[in-house]
Amino acid sequence: MKRRPRRTIPATLTALVLLAACVLTAIVAIQSIIGGRPLVSYRSVTDTLHSLHWNDTAVLAAGAAAVLLGFVLLLAAFLPGKPTVLPLTGEVDAGVTRRSLRRALQNTAASVDGVTRAKLRLGRRTITARIRTDRTNTAGLTRAVRGALEQRLDEVTPLTRPATKIKLHATRNAP
């Protein structure tokens, strides 16, 4: 079970651009039907497009922009994003969300004696914990946090076990 994130941002942007074009077309069509002055004149658009040639700079720039936009949308569709649900080991098809795993590991790191604050970043293959302490003697604190995180990972049992990195920042210096 590797649920991937939905591509909401590219889909939303594409839908908004298409919606704006459709609304503009509908407004111009309705204004033309009721005999009013259209927002965008059909005649001026056709005259402008008719006067352009394939090798004009504006046509080449618009074509390049369309190709680039299409390439970006294809990349967004085909490249996998970070899984939102990480699979767990076992015979049952079970998983844990990235958010809940990060929060559980962050709470575990923060509960270690001597840790003032813990921030945790959950990457694809690594867990990076930034630990703050008020202690002047920080010997063994990194090992204790790593041990607590490893024990918690043993309890959760993710299918692919990430490596743990601990970055310790002491707010006080030893005298």
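Which residues does glycine 114 touch, not counting residues up to four places away in sequence? The legends below describe close-up views of a predicted model.

**View 1. Glycine 114 sits in the loop between H4 and E3.**
Glycine 114 touches Arg132, Thr133, Asp134, Arg135 and Leu141, leaving aside residues up to four places away in sequence. One of these, threonine 133, is 19 residues from glycine 114 in sequence. In space the two are 6.0 Å apart, C-alpha to C-alpha. Threonine 133 also has a place in the sheet: it stands opposite alanine 170 in E5.

**View 2. Three strands make an open sheet with mixed pairing.**
The strand order is E3-E4-E5. Strand E3 (115–122) and strand E5 (163–170) are the edges, each pairing on one side only. From one strand to the next, the twist averages 20°. In general, the strands of a sheet pair through backbone hydrogen bonds, either parallel or antiparallel.

**View 3. E3 and E4 run antiparallel.**
Seven bridges join these two strands. Together E3 and E4 form a hairpin, with three residues between them. Leucine 120 stands opposite alanine 129 in E4.

**View 4. E4 and E5 pair in the parallel sense.**
Strand E4 covers residues 126–133. Its pairing with E5 extends over eight bridges. Arginine 130 stands opposite lysine 167 in E5.

Helix H5 (residues 141–156) lies across E3, E4 and E5. H5 runs at about 145° to E5.

**View 5. A salt bridge links arginine 135 and aspartate 113.**
The side chains meet at 3.2 Å, N to O. Arginine 135 lies in the loop between E4 and H5, and aspartate 113 in the loop between H4 and E3, so the pair ties together parts that are 22 residues apart in sequence. Arginine 135 is partly exposed, at 31% relative accessibility. Aspartate 113 is exposed, with a relative accessible area of 63%. Arginine 135 is also among the residues that glycine 114 touches.

**View 6. Arginine 152 forms a salt bridge with glutamate 155.**
The closest N and O atoms are 3.1 Å apart. Both residues belong to helix H5, and because they are three residues apart, about one helical turn separates them. Arginine 152 is partly exposed, at 29% relative accessibility.

**View 7. Arginine 161 and aspartate 154 form a salt bridge.**
Here the closest N and O atoms lie 2.7 Å apart. Arginine 161 has a relative accessible area of 39% and is partly exposed. Aspartate 154, at 49%, also counts as partly exposed. Salt bridges that share partners join Glu150, Asp154 and Arg161 into one network. The model's salt bridges come to four.

**View 8. A nonpolar patch lies on the surface.**
Helix H1 (8–33) and helix H2 (42–51) each supply at least two residues. H1 gives the most, with seven. Leucine 16 is partly exposed, with a relative accessible area of 49%.

Terms used
Residues are numbered from 1 along each chain as its sequence is written. This is a predicted model: local features need pLDDT of at least 70, side-chain atom pairs count only at pLDDT 80 or more; totals for chains, interfaces and linings use all residues. Side-chain values use heavy atoms; hydrogens and water are left out. Two strands pair if DSSP finds at least two bridges between them. Helices (H or I, at least four residues) and strands (E, at least two) are DSSP runs, numbered from the N terminus. Axes are lines fitted to C-alpha atoms, for helices over the stretch in contact, and angles run from 0 to 180 degrees between N-to-C directions. Contact means heavy atoms within 4.5 Å. Patches are made of residues with over 30% relative accessible area and no salt bridge: like charges are joined within 9 Å, nonpolar side chains (Val, Leu, Ile, Met, Phe, Trp, Tyr) within 5 Å. Accessible areas come from the Shrake-Rupley method with a 1.4 Å probe; for residues, only the protein chains shown count as cover. Buried means under 20% relative accessible area, exposed over 50%, partly exposed in between (1.4 Å probe, protein chains only).
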